[in-house]
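Notebook, opened to log what I look up in this structure.

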2 protein chains.
Amino acid sequence: MRITYKGDYALKTILDLAVHYGDTPATIHNLARRADIPVKFLEQILLDLKRAGFVQSRRGKVGGYLLARRPSEITLGEVVRFIDGPVEPIICVDKKYKGCNDMAGCVFRSIWHKISDSTSKIIDGITFEDLARRSRSLDPALTYQI
Amino acid sequence: MRITYKGDYALKTILDLAVHYGDTPATIHNLARRADIPVKFLEQILLDLKRAGFVQSRRGKVGGYLLARRPSEITLGEVVRFIDGPVEPIICVDKKYKGCNDMAGCVFRSIWHKISDSTSKIIDGITFEDLARRSRSLDPALTYQI
DNA sequence: ATATACTCTACTAACATAATAGAGATTATC
DNA sequence: GATAATCTCTATTATGTTAGTAGAGTATAT
């Protein structure tokens, strides 16, 4: 698994929305500014996240983005997989992968599987409620921020 | 961490050399054929592995490649890191990474660190002697193969 | 000598990443 | 109903990485 800029930006944005869950919608502009993300890039990312059901939007004045689900119901793993793909270190299961002509006899497969497993255990056990709580305790100012 | 074709090929090749450790040198041609790797691509990979001290070569007739160290002294992690780079899922420590303006307040960092740790524990605890043994037990024919 | 093998540098096609650009659609408010 | 603020959507582009390919050169056992 590799987290790209896009993934990094998506996670930071969802965390921002989780920290401010219950508030008025956050505009792309503000989300971009707070996390230092190029506005036009974040536009696209938010559209993706919206189509996937992570966030919802409101148009027009007083518009912006909100989480579509409660922070406690969005895991880190879900978002990572949606943006950056499977956690497997190598896609030798995939039909497209030409490098594996000997699935049964491959001693590496069980190792890659073990790595996927341990990674999944970590990212699937963390929700954005957890992350928002940690974030608030690192910087209590966030709790009152509009 | 993502294993590329290059990494996959390097691991398979070193495993092949480990399984046949003590034999006469294996030619690029044979190594490539046995693992279904493009010959010219494997040439480059083996030169890299040689420069890094994993393998040694002999030129001319009866030439080929041998492991430069005992299989028990080469870990999976060493080879993976050499070919495919660090195991960290995101290089937010790196100076080049522009996405992190808030190292101290980032709740994700400890998570990425945890993932690197668990991955490292797996790949650094496995040597090519282990892998060769597993490989032989999966396909006993390999033990006697020239 | 010669065949067999490794050595080295350069080049390239395809794809992924990280944006940027610009026109369009919706809505609160005056 | 005009306007400003905001989201929506498609296209384009620059850069880097990956996965090779090409070809000329060097060493050595026989």
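**Entry: helix 3 of chain B**

I looked for the buried residues of helix 3 of chain B in this predicted model. They are B:Leu42, B:Ile45, B:Leu46 and B:Leu49. These four sit on the same side of helix 3 of chain B, because they cover an arc of only 100° around the axis.

Next I checked the face turned away from that buried side. I found the exposed residues B:Lys40, B:Gln44 and B:Arg51 there.

What covers the buried residues? I noted that the cover includes helix 1, helix 2 (28-35), strand 1 (55-58) and strand 2 (64-67) of chain B.

I then looked up the length. Helix 3 of chain B has 13 residues. From first C-alpha to last it reaches 18 Å, close to the 18 Å expected at 1.5 Å a residue. Just after this helix, B:Gly53 takes a positive phi of about 85°.

**Entry: helix 2 of chain B**

I ran the search again on helix 2 of chain B. Its buried residues are B:Ile28, B:Leu31 and B:Ala32. Their arc around the axis is only 95°, which puts them on the same side of helix 2 of chain B. On the other side I found B:His29 and B:Arg33 exposed.

I also looked up the packing partners. The buried residues of helix 2 of chain B pack against helix 1, helix 3 and strand 2 of chain B. Just after helix 2 of chain B comes B:Asp36, with a positive phi of about 60°.

**Entry: DNA strand C**

The largest share, five residues, comes from helix 3 of chain B. I sorted this surface by class: eight residues are nonpolar, ten are polar and eight are charged.

**Entry: DNA strand D**

Helix 3 of chain A gives the largest share, five residues. By class I have eight nonpolar, ten polar and eight charged residues near DNA strand D.

**Entry: chain A against chain B**

How many residues of chain A are in contact with chain B? I get 27 residues of chain A in contact with 27 residues of chain B. Helix 1 (5-19), helix 5 (109-123) and helix 6 (128-138) of chain A each supply at least two residues of the side that touches chain B. Helix 5 of chain A gives the most, with six residues. By class, this side of chain A has 15 nonpolar, six polar and six charged residues.

I checked whether the two sides match. 100% of the interface residues of chain A are also interface residues in chain B, so the copies meet through the same surface.

Last, I superposed the copies. Chain A can be laid on chain B with an RMSD of 0.0 Å, by a turn of 180° and a shift of 0.0 Å along the axis. The two copies are therefore related as by a two-fold rotation axis. In chain A, the C-alpha nearest that axis belongs to A:Met1, at 2.6 Å.

Terms used. Residues are numbered from 1 along each chain as its sequence is written. Chains are lettered from A and ligands numbered from 1 in the order in which they are written. This is a predicted model: local features need pLDDT of at least 70, side-chain atom pairs count only at pLDDT 80 or more; totals for chains, interfaces and linings use all residues. Ala, Val, Leu, Ile, Met, Phe, Trp, Tyr, Cys and Pro count as nonpolar, Asp, Glu, Lys and Arg as charged, and the others, Gly among them, as polar. The expected span of a helix is 1.5 Å times one less than its number of residues. A residue is buried if 20 or more other C-beta atoms lie within 10 Å of its own, exposed if 12 or fewer, and partly exposed in between; C-beta atoms are placed from the backbone. The arc is that of the directions from the helix axis to the C-beta atoms. Two residues are in contact if their C-beta atoms, placed from the backbone, lie within 7 Å. Copies are superposed by least squares on the C-alpha atoms of residues with pLDDT of at least 70 in both.
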